[in-house]
Amino acid sequence: MPAAPEPPPTPATTGAPAAGRPVDDSDLVPTRERLAAAVAEAPPEEEYGPVHDFATDFDHTDEAWVADPYPIWDELRETCPIAHTERYGGAWLPTRHADVSAIANDTENFTSRSVVVSRGRPPIELAPAGIAPPITSDPPFHAAARRLLLSVMSPKAVADLEPSTRAYCRELIAAMEGRDVVDAAVEYAQHIPVRVIANMLGLPESDGDRFRGFVHGILEGVSKPLEERVEVFLELFEYLTPQVEARQAEPRDDLISMLIASEIDGEPITPFHVTRTVALLLIAGIDTTWSAIGASIWHLADHPDDRERIVRDPALLPTAIEEFLRAYAPVTMARLVRDDFEYEGCPMKAEEWVLLSFPAANRDPEAFDRPDEVLIERAPNRHAAFGLGAHRCAGSHLARMEIRVALEEWLAAFPSFRLADPDAVRWSAGQVRGPRALAVEVS
Amino acid sequence: MRVRIDPEVCQGHGRCYALAPGVFTCDDEGYGEVIGDGTVAPGDEDAARLAVDSCPEYAITAE
């Protein structure tokens, strides 16, 4: 059993700047040496087998969870309702909407210093910004770092991106001409967010495979040895740092250049802050949106009645999308327990994880009638797919536009389609859940 | 009927102005705002109620 790691001796918990003031962070830029030191401090690697009891030993990468997590959460919610595991150096799993909401809103006891559960914890010296501001930032720095992104992610800004998004969806569909079976996850859903975010950031679309490699390594490789995970972070920063430097020398008309020119409290943000926020935008928008589009297509492929209703009456689509987001919410976030703290009778230890399962919250019968049924006309629908509290997904308006346009174009091209082989559908493991193999017959 | 958004609670999910665009709008950062003084025209009442009941943060009240 791995010991819970000691909270590192540090200035960061007490010495964080009081306001959102930037700090000199150049000595924190990831290098192989610095990351090797962090790996050496992590709790030792333990061998765990398959899960036998999700209440006391859960693992969100376990085969049974990946195949079908909903019955697991339902049982935990009725019997537990906050599960624990010693894996990953200790982690908790609330399953009720009320607990997920309370913890998401409690930034005092739960820090966002890392939001992806793995064996390692990022260096505490990165506070208050964290490794990927603002998602890894705590108040008060968080609000200032987040404000840099909100106007470029607002509904008005997103509307300007709709025509190019639609054109790209049509290009992907045109490339399927004459085929009977296509993979809607691999050949369609995954490409849309990559193209959109690459264009926003001003990065070459041809680097899409690299972006997906980073995303896969960081979000889906959580059980890999830390040494391998560290390599992915190094590659990501080695890729992004020259991109930021090039725009420092010569600004362009893109989001990276806009971030370089932005300020917090009248001071320019540091190049390392820019790089980390770009890393966030690149990582957070791809797997997630890909998953939401893919899960929606998967549902429609498997539910001809719902598909036919929407094809007959496209005005149903926005309400249906909200229901797909509720029922198949792709994103589970995480927090770290700041200091030893008892929550609802659970003795949470400093540096233990809490998995914030918005997908489990969305299936809570206390919050939703008939939660395990997908009702495409469900309204109102107070789902939490984009999170709750101050860390509400900053890209939610962008994601909703991409999902809607992707489904509109798909249904216009393929009003009738079905799963080619239901048993061959494969779902991702980790904190982002969506189909990664989704062969559908479209003829 | 009159609606009010608590700006301390609103996180900018954007459900209200998507579901009841005659009653709510958004600021430049995507946070919801009531149009005018929040008084709801009779034809907008159903949409306004849907918006109140769809806010993930419970940030909107109606009276």
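A:Arg212 is a buried residue in this predicted model, with a relative accessible area of 14%, where buried means under 20% relative accessible area, exposed means over 50%, and partly exposed lies in between, using a 1.4 Å probe and protein chains only. The side chains of A:Arg212 and A:Asp209 meet in a salt bridge at 2.7 Å, N to O, and by salt bridge I mean a side-chain nitrogen of Lys or Arg within 4 Å of a carboxyl oxygen of Asp or Glu. Because A:Arg212 and A:Asp209 are three residues apart in helix α12 (residues 208-220) of chain A, about one helical turn separates them; helices (H or I, at least four residues) and strands (E, at least two) are DSSP runs, numbered from the N terminus.

A word on conventions before I go on. Residues are numbered from 1 along each chain as its sequence is written, while chains are lettered from A and ligands numbered from 1 in the order in which they are written. This being a predicted model, local features need pLDDT of at least 70 and side-chain atom pairs count only at pLDDT 80 or more, whereas totals for chains, interfaces and linings use all residues, and side-chain values use heavy atoms, with hydrogens and water left out.

Let me turn to a second pair, A:Glu441 and A:Arg418, which form a salt bridge with their closest N and O atoms 3.1 Å apart. This pair links distant parts of the chain, with A:Glu441 in strand β14 (residues 439-441) and A:Arg418 in strand β11 (residues 418-419) of chain A, 23 residues apart. Both are partly exposed, A:Glu441 at 29% relative accessibility and A:Arg418 with a relative accessible area of 32%.

Those strands also belong to a sheet: three strands of chain A form an open, antiparallel sheet in the order β4-β14-β11, where two strands pair if DSSP finds at least two bridges between them. The edge strands are β4 (181-183) and β11, each pairing on one side only. Three bridges join β4(A) to the antiparallel β14(A), and A:Val181 stands opposite A:Glu441 in β14(A).

How many salt bridges are there over all chains? The count comes to 32. One of them joins A:Asp57 and A:Arg87, with the closest N and O atoms 2.8 Å apart. A:Asp57 lies in helix α3 (residues 54-57) and A:Arg87 in the loop between β1 (82-85) and β2 (91-94) of chain A, so the pair ties together parts that are 30 residues apart in sequence. Both A:Asp57 and A:Arg87 are buried.
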